[in-house]
Structures are given as C-alpha cells and as structure tokens.
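User: I'd like to learn how to read this one feature by feature. Could you walk me through it?

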Amino acid sequence: MASTAHNGRLIDRANGYGIIECELCGFIHTDPIPSKEELDKLYRDEYYKEEKPLYIERTIEDLRWWEAVYDDRYDFFEAHLPAGRRAILDVGCGPGYFLKRGLERRWMCLGIEPSRQASSHAISLGVEVLNTFLDGNLAREIGRKFDAIHLSEVLEHVPDPARILDAASGLLNEGGLICCVVPNDYSPVQKTLRGKLDYKPYWLAPPHHINYFSHASLSRLFKKTGFEVIGESSMFPIDFFLLMGDNYIGNDELGRASHLRRKRLDIMLDEPELKGFKRDMYGIMAKHGIGREAVIYGKKESK
Ligand SMILES: [Zn+2]
C-alpha cells in the first residue's frame, strides 16, 4: 500500500523547519507543514504589511515591465483558446494589475486574494475581487466557470498545492487553461552558487515558502492533478548576476539595480526584431531548469 505520510530525505533546515524531498508529493517542501490557522493569520493581515511593505509601491514602479510579462501570458492564452472564450480567474491576484491588464484586453475578470490591503487596492483599480482563500467550498459558491486560471506566486505558499489545483480544475470549463508561476528552486544555477561559490540556500523562506518547485516537479504535479502540460517558460534568471559576481543577497540596493537591468533587457527583447527570440530563449531556459521563476501552462484533461 502506498504511504499517505509526508516522508523523504532531509536536504536542509531553515527557520526551525526541515526541508525534505517528499516522496509522497513528488516535490520539496517543509517538514512540518505550517498549520492552516498560522497561515490564515499570516496572509489575511500580516503579509503585505510586514513581509512585503514595499510590494505594491514597487509593482507600480515596475508596471511597464509587469505589463510586458502579463501580455506574454495573455498572448499564450489567446493563442490556445477559441475566440470568445475570455473569462479568467486570478488566484492570489495581489494588488490586481494582472487583471487590470485583462480588462484592457477585454477579458471577463475575477480575482481571489486573502490579503485585505492587496484586495482593496485591486478593487480600487476596478477589478472584481473576493477577499478570501480558494478552497473547494469557495469553488462551489462562485457558481461560474472560467476559460483560464492564473496562479502566480501562490503554490509555494500553500500547505496542499494539489488541492488548490483540484479546486482550480473544478472552476475551469472543458479545455480550459491554467498558468502557474512559482520560484524555481534548487535550480542548476543555485546548485552551482552553492557548490562553487559557497552561497547559503538564500531561497529558503519558511513559513512563507512551504514548497520548493522546479519545472520538472511542477510538471509532475500538473499531470497528477489532471492537467496536460502544453507550454513551459521562465522568468529571467536574475541569479545570473550572482554568477557574474554581483552579490545582491541581503543588499537591497544592488538587488534593485540588478532588477532594473533585467527589466530593461526584457522590455528591449519585446521589440519586434527580438520578440521571437525572447520566447524561444525563455523556452530553452525552461528546458534546462534555468530561470528565477518557472512558468508552466496546462490544459485541463477531459475526463
Ligand atoms: Zn509531501
């Protein structure tokens, strides 16, 4: 009989948590997994105030770049869905700019966001948002279905990512698409930084980050939860700056400077002469498990 307990090789420790390669789940996560009560409190009230006080401000500062990032995702959805199927749900919509972009592209949009600060900001942009968590009950209460679901920087925070993907699947129309974006951790770049340059595992952040995915482990989770992987991409491997000798870890000023350079590169790569290359480049990075974030597109398999 298959084991139903989380269990696997202990590979690190951080903030009082073990980090295990879980055989049950097929991806790396904390041991123990923080309780639902701890997490509810963390994300309803504290997260944007205490952990990410600059997040909304910086999203606005980076908006030109974010719009380019979001456009790539809407382009993918629009290329893979029939015309007229343009209803999207953004789970963990944060301050709402992804959906604002969707409204500008004439999508029907709904957001779900547990943080009070972030959801009020999204509502102030004219986006419809439910200030809560996604679970099976909410999925039943919403009472409508979507053609696409976007989960950016969500699955690393939740105690049971497979349940979230199941709930998402229940909210998708037949043939509906999903896009998940997660930090790409224990990547070949991070392993090199650790092995050759003595970096500590700076990417570990429990209890905020519970799960540590790669392109491969997230693709496995898609298959387990009934999604066919139909596209893989990456976000710029900002950790290349570490390989180049700019150690921005714990140095916010250098971190912002590195971020500014990658923003400029991404925006320039959007020019018509380079755009095809940009798409292929991020696709090839994904194949090699390179990129600070993994971006995976799936299609709900018919039952
Ligand atoms: Zn597990």
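Analyst: Let's begin with burial: a residue is buried under 20% relative accessible area, exposed over 50% and partly exposed in between, with a 1.4 Å probe and protein chains only. Helices (H or I, at least four residues) and strands (E, at least two) are DSSP runs, numbered from the N terminus. In helix α4 (residues 97-104), the buried residues are Tyr97, Phe98, Leu99, Arg101 and Gly102. Before we go on, this is a predicted model: local features need pLDDT of at least 70 and side-chain atom pairs count only at pLDDT 80 or more, while totals for chains, interfaces and linings use all residues. Residues are numbered from 1 along each chain as its sequence is written, and side-chain values use heavy atoms, with hydrogens and water left out.

User: What do the buried residues of α4 pack against?

Analyst: Contact here means heavy atoms within 4.5 Å. By that rule, the buried residues of α4 pack against the helices α2 (55-61), α3 and α5 (116-124), and also against β4 (87-91), β5 (108-112) and β7 (146-152). After α4 comes Arg106, with a positive phi near 70°.

User: On to the metal. Which residues coordinate the zinc ion?

Analyst: Donors are N, O and S atoms within 2.8 Å of the metal (3.2 Å for Na, K and Ca); water is not among the atoms, so sites may look incomplete. Here the zinc ion has His6 (ND1), Cys22 (SG), Cys25 (SG) and His29 (NE2) around it, at 2.1 to 2.2 Å. Along the chain, these donors are spaced as H-x15-C-x2-C-x3-H.

User: What is the geometry of the zinc site?

Analyst: Four donors count as tetrahedral if all angles lie between 85 and 135 degrees. The angles among the four donor atoms of the zinc ion are 99 to 118°, and the site is tetrahedral.

User: How about the sheet: what is its strand order?

Analyst: Two strands pair if DSSP finds at least two bridges between them. This open sheet has four strands in the order β1-β2-β3-β9, with antiparallel pairing. Since β1 (8-14) and β9 (211-212) stand at the edges with a single partner strand each, one side of each is left without a neighbour in the sheet. Strand β3 (residues 28-31) is joined to β9 by two bridges, running antiparallel. The zinc ligand His29 stands opposite Asn211 in β9.

User: And aromatic pairs? How many are there?

Analyst: A pair of aromatic rings is described by the distance of the centres and the angle of the planes. Rings of Phe, Tyr and Trp (its six-membered ring) pair if their centres lie within 6.5 Å; planes under 30 degrees apart count as stacked, over 60 as edge-to-face and the rest as tilted. The whole structure holds 14 aromatic pairs. Trp65 and Trp66 are a tilted pair, because their centres lie 4.6 Å apart with the planes at 55°. Trp66 also pairs with Tyr70, stacked at 5.5 Å centre to centre and 25° between the planes.

User: Why are Trp66 and Tyr70 about one helical turn apart?

Analyst: An α-helix has 3.6 residues a turn, so residues three or four places apart point the same way. Trp66 and Tyr70 are four residues apart in helix α3 (residues 63-80), so about one helical turn separates them. Trp65 is buried at 2% relative accessibility, as are Trp66 at 16% and Tyr70 at 9%. One aromatic cluster includes Trp65, Trp66, Tyr70 and Phe98.

How values were computed: Tetrahedral: all angles 85-135°; square planar, octahedral: opposite > 155°, others 65-115°.
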